[in-house]
Amino acid sequence: MSRVTIYPAEGPLRGTVRPPGDKSVSHRAAILGALAEGTSRITGYSPSEDCARTVEALAQMGVETRREEDVLVVRGPGPAWGEPAGVLDLGNSGTTMRLLAGVLAGMPGFRVLDGDDSLRRRPMGRVVHPLREMGACLDGRQDGNLAPLAVRGARLVGKEFTLAVASAQVKSCLLLAGLLAEGETWVQEPLPTRDHTERLLPLAGIGVATRGGAVGVRGPARPRPFELRVPGDPSAAAFWVVAASVVPGSEVVLRGVGLNPGRTGFLRVLSRMGASVRVTPGAGTGPEPVGDLEIRASALRGTEIEPHEIPGLIDELPVLAVAACAACGITRVSGAGELRVKESDRIAGVVRGLSALGAHIAETPDGWVIEGPSPLHGGRVSSLGDHRLAMAWAVAALGASGPVELEGAEAVAVSYPDFFGHLVTLGGRVSGGGDGDDGSAGVRPAQGG
Ligand code: S3P
């Protein structure tokens, strides 16, 4: 585990950052490209460890991929991938495991999906059980609820599903399985979740139907090769939006950020908290809206984050908790029980981390209550191996009164390898990290602009 120290900002944060390519879109594009027969080009593919796991898994199944700078070139063989000799190690990536489970369930061959300790604790029954209803033959520990998962491809039949949990991963898994199944597959969610799969499928020549709130595909359907520019990850951008909002005098510009309404719930919440964020939509040509954000520091007030808003900001809740500490008044989050089954139990993790920095925060079964303003002091915190907690604590440090020692800082690479480099670009200060504790914090040259 690498430990870094992040220092309170000595002055305003200033500068321009281009967040890394969107992780959710990148996973989906790589998988769809591999299902197509021919060459797809995915520009701005996420540099994250998670998305590298997807590419490595595809390569282990004989899909040819190569990187040309920030372009991932996928030469898809069509829906007939090889049988890997070994287990597919998906690291920390829940999205890879759930999406691949859907595809592999309908593709001849035998594969085993595994991951790190965190991934082995995450619920997989939510994809295994509905896939079995389509005819899939897959299993895992505790009746398929926990990885490793063993998948033997089978003939699938389309089905109509009404999901109990709002999960884009589950929806996408079932839609991808639907491409390989016979007949129609429909998914109705309890609340709308990110719709990247639905937006990408038409780019690959596949029709997506909607009926009320449900979304459907008809199989068998073959994606065709495509070209895509992946937008910047709004979940990565969120760290700088909060940092620039809470460090007095800051003015930060974020370029090329994905503005899919299913992902920008954090901007709506921050705007009602009083944040100053100017959104300039770009002339996007792809299936995803993109634009630039200009953030100026401003006084924040507490807010109520309600259950229906949760899917639209699920990954941003830890950093929104940091914003809530700087806000005047009470911020309450409810209906966010899903946070307990993310890369870590993020409800317990947020409460533990912010409490260690002096926040007035109380845990509830499905969220937390923060009494602001709750000035943060320095201290020691852990990422608990969770990338979003690591980055939230770094942002907390920028607005704290003393340095924050962060254990497990390397977790940031799961979604944002350049995170500390960008923190330095904006004027933050970090030390420690590298093996020899050489003061570099593993900080890479930043790629602003
Ligand atoms: C993701 C969906 C969300 C999110 C995760 C990525 C996706 O999970 O938390 O980081 O790419 O579909 P759920 O849909 O399971 O809530």
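The model is predicted: local features need pLDDT of at least 70, side-chain atom pairs count only at pLDDT 80 or more, and totals for chains, interfaces and linings use all residues. Residues are numbered from 1 along each chain as its sequence is written, and side-chain values use heavy atoms, with hydrogens and water left out.

**Ligand shell**
- The residues around the ligand (a heavy atom within 4 Å) are Ser24, Arg28, Thr95, Ser167, Ala168, Gln169, Arg194, Ile314, Asp315 and Lys342.
- Two nonpolar, four polar and four charged residues make up this shell.
- Domain 1 (3–21 + 231–432) and domain 2 (23–229) both give residues to the shell, so the ligand lies between them.

**Ligand contacts**
- An N or O atom in the side chain of Arg28 is 2.6 Å from an oxygen atom of the ligand.
- For Lys342, a side-chain N or O atom is 2.7 Å from a ligand oxygen atom.
- Gln169 places a backbone N or O atom 3.1 Å from an oxygen atom of the ligand.
- Taken alone, the ligand exposes 380 Å², of which the protein buries 95% (Shrake-Rupley method, 1.4 Å probe).

**Backbone geometry**
- Most residues other than glycine have a negative phi, and most peptide bonds are trans.
- The peptide bond from Gly219 to Pro220 is cis, with omega near -5 degrees.
- The Gly372 to Pro373 peptide bond is cis, with omega near -5 degrees.
- Gln142, although not a glycine, has a positive phi of about 50 degrees.

How values were computed. Polar contact = N/O pair within 3.5 Å; in protein donor to acceptor, adjacent residues only side chain to side chain. Nonpolar A, V, L, I, M, F, W, Y, C, P; charged D, E, K, R; others polar. Domains from an automatic or database assignment.
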